[in-house]
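Please open the structure in your viewer and keep the selection tool at hand. We will go from stop to stop, picking out a few residues each time.

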Amino acid sequence: MSFLKNLFNNKEKFEIGAPMAGRAVSVKEVNDPTFSEDILGKGLAILPSDGKVYAPCDGEVDMIFETGHAVSMMTAFGAELLLHIGLDTVNLKGKHFTIHAGIGDQVKKGDLLLEFDLAAIVAEGYDPITPMIICNYHDYETMDLKIGEKVMPGDTVMEVCK
């Protein structure tokens, strides 16, 4: 039966990779209602194990906060994707962050976008959990999240279908 179902399933399927090494967790584990209550969109979060943030798929960088704590991109397939490194890390005013991409840059999956000093951010008392949210999730019929898995940059953590 699944062969026939797949044969007639003409939906476009798109993959989004992990933006960093760590463990993929439910966005409900993010201690901020903006993310945990899906106010900005739906997605997951990564508990990072290092401080490098890579493009999770091909697309265009459409915003990077000058503080380096967040980046958004329009994916090649039209998803508005937000990566937010840590909670309240905007208060660091750019300390411990290095930006490697700019607004308008066309990026490929795996391109380095940002770096951050994970140990220093944790030492200053900030939670480094990193939500990855699709803001226009209503444009997608389904969203499959790979939760609870140890991930490396580029490992598929989201699949969406139009």
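Start by selecting Lys 146: in this predicted model, Lys 146 is partly exposed, with a relative accessible area of 22%.

How many salt bridges does a search of the whole structure find? There are 6, so let's visit some others.

Select Lys 13 and Glu 159, whose closest N and O atoms are 3.4 Å apart in a salt bridge. Lys 13 belongs to strand β1 (residues 13-17) and Glu 159 to strand β14 (residues 156-161), so this pair links distant parts of the chain, 146 residues apart. Is Glu 159 buried or exposed? Glu 159 is buried because its relative accessible area, 15%, is under the 20% limit. Lys 13, at 52%, is exposed.

Next, pick Lys 108 and Asp 58, a salt bridge with its closest N and O atoms 3.8 Å apart. Lys 108 sits in the loop between β9 and β10, and Asp 58 in the loop between β4 and β5, so the pair ties together parts that are 50 residues apart in sequence. Lys 108 is exposed, with a relative accessible area of 54%, while Asp 58 is partly exposed at 31%.

Now switch to a cartoon view and look for the open sheet of 8 strands, in the order β9-β5-β6-β7-β11-β3-β2-β13, with antiparallel pairing. Which strands stand at the edges? They are β9 (106-107) and β13 (150-151); each has a single partner strand, so one side of each is left without a neighbour in the sheet.

Zoom in on β2 (residues 22-26), which is joined to β3 (residues 42-48) by 5 bridges. Here Val 25 has Ala 45 as its bridge partner, and Ser 26 stands opposite Leu 44. Strand β2 is also joined to β13, by 2 bridges, and there Arg 23 stands opposite Lys 150.

Finally, head for the largest nonpolar core, with 37 residues; Phe 77, Leu 113, Phe 116, Met 132, Ile 134 and Val 157 have the most contacts inside it. Select Phe 116 and look around: among the residues it touches are Met 20, Pro 48, Ile 85, Phe 97 and Ile 121. A second, separate core of 9 residues includes Val 27, Val 30, Phe 35 and Leu 82.

Definitions and conventions: Residues are numbered from 1 along each chain as its sequence is written. This is a predicted model: local features need pLDDT of at least 70, side-chain atom pairs count only at pLDDT 80 or more; totals for chains, interfaces and linings use all residues. Side-chain values use heavy atoms; hydrogens and water are left out. Two strands pair if DSSP finds at least two bridges between them. Helices (H or I, at least four residues) and strands (E, at least two) are DSSP runs, numbered from the N terminus. A nonpolar core is a set of buried Ala, Val, Leu, Ile, Met, Phe, Trp, Tyr and Cys residues joined through side-chain atoms within 4.5 Å. Buried means under 20% relative accessible area, exposed over 50%, partly exposed in between (1.4 Å probe, protein chains only). Contact means heavy atoms within 4.5 Å. A salt bridge is a side-chain nitrogen of Lys or Arg within 4 Å of a carboxyl oxygen of Asp or Glu. Lists of a residue's contacts leave out its neighbours within four places in sequence.
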